[in-house]
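Hi,

Here is the structure I promised to pass on. Have a look at it first, and then read my notes below.

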Amino acid sequence: MLDPKVLMTIKNLPLLAKTVIDGFMNGFNKSTVKGPGLEFSQYRSYQPGDDLRWLDWRMYARSDRYYIRESEVETSISVRFLIDASASMNHHDGTLSKIEYARFMAASLAYLANLQGDAAGLYVFKDGGLFSLAARPDPQHLQRLYHQLENINPAGTFTQPIHYRELFAGAGRKELLVFITDMYQTDGEINKLLDSLAALKHEIIVFQLMGQNELDFNFNGYSALEDLETGEVIQIGPQAKQKYQQALHNHLESIRMQLLGKHIVHRIVSTAQPLNEALRTFLIQRNKGI
């Protein structure tokens, strides 16, 4: 298992992505459509307007009826990685921050997408604005994506809705959107983004990153916590843990139900979880349609 702390010792992001993916992640985002191709799939009856090149004359000789050969051909898709780089992504659990884990995850999945001939793009939500790198399938473009990932420095608040329009200037077809975020928002801005993207009928996956210390409320030695985006400070005492864990459960369940209602896949990932384990579990579930 590739412990996130071990991954931090690999300073070369392309090498890290290759290390995570090679050997066990196959078939991600592999889609097939019916059409003329190399691998036979099935026959169907001829319909007026069909391309006569795909008529099967042997079937005609045996049955005196016209049949079209259909094959399976692989299709490439566009995968856009949406990275929350607001200040809350600077949260650390030990030596590892959420943004570092997000960087590792996006680089690994972009490497996988490129292996499959899919176009990969990057959108970074930071300090109220939006950085965009259009999706392309070539290896040189992947290197540019790695460079941008390496230079993400979280700051400020999440991007305001006025900037979302850049996300809608796509090719006019369904895409896979991978959103890596901690779902921290002050005025429902992330919900508004997901509402807009869901309306476009894209396939959307939300990886909600949380530090294990957040999940367990393990802040021993601290008497106060500071909000990384607003600067608000709250005092914590001996009774805080029980109230916090119940509030966290309700909060996460609310997010799950909201995203389920939008047909958005939602996965909570601890930054203490080995990255290849997190991605493998997700890919197996996705291939099974879970």
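Predicted model: local features only at pLDDT ≥ 70, side-chain atom pairs only at ≥ 80, totals over all residues.

Strand 10 is mostly covered, with seven of its eight residues buried.

Now the helix of the unit. Helix 6 spans residues 189–199, and its buried residues are Glu189, Ile190, Leu193, Leu194, Leu197 and Ala198. What covers them includes strand 4, strand 7, strand 9, strand 10 and helix 8 (240–261). Just after helix 6 comes Lys201, which takes a positive phi of about 70°.

Stepping back to the whole chain, you will find nine helices and 13 strands. There are 290 residues, of which 43% count as buried. Among the contacts between residues at least 6 apart in sequence, 75% join residues at least 24 apart. The chain exposes about 15,400 Å², and carbon and sulfur atoms supply 51% of that.

What about the inside? The largest nonpolar core has 44 residues, and Phe81, Ile83, Met105, Leu149, Ile180 and Phe207 are the ones with the most contacts inside it. Several elements supply at least two residues each, including helix 2 (13–21), strand 4 (78–84), helix 5 (139–150) and helix 9 (275–287). The largest share, 12 residues, comes from helix 4. Apart from this core lies another one, of 20 residues, with Leu82, Leu130, Tyr164 and Ala198 among them.

Met105, leaving aside its neighbours within four places in sequence, is in contact with Ile180, Phe207, Val269, Leu275 and Leu279. Ile21 lies in helix 2 and is buried, with a relative accessible area of 1%. Which residues does Ile21 touch, not counting those up to four places away in sequence? They are Ser108, Tyr111, Leu112 and Leu115. Ile21 and Leu112 are 91 residues apart in sequence, but their C-alpha atoms are 6.6 Å apart in space.

Last, the aromatic rings. A search of the whole structure finds four aromatic pairs. One of them is stacked: Phe125 and Phe158, at 4.9 Å centre to centre and with 10° between the planes. Phe125 lies in strand 7 and Phe158 in the loop between helix 5 and strand 9, so this pair ties together parts that are 33 residues apart in sequence.

Happy browsing!

Conventions. Residues numbered from 1 in each chain as written. Heavy atoms only, no water. Core = buried A, V, L, I, M, F, W, Y, C linked by side-chain atoms within 4.5 Å. Buried < 20%, exposed > 50% of the residue type's maximum accessible area, 1.4 Å probe, protein only. Helix = DSSP H or I, 4+ residues; strand = E, 2+ residues; numbered from the N terminus. Contact = heavy atoms within 4.5 Å. Areas by Shrake-Rupley, 256 points an atom, 1.4 Å probe, with all protein chains shown as cover. Phe/Tyr/Trp six-rings, centres within 6.5 Å; stacked < 30°, edge-to-face > 60°.
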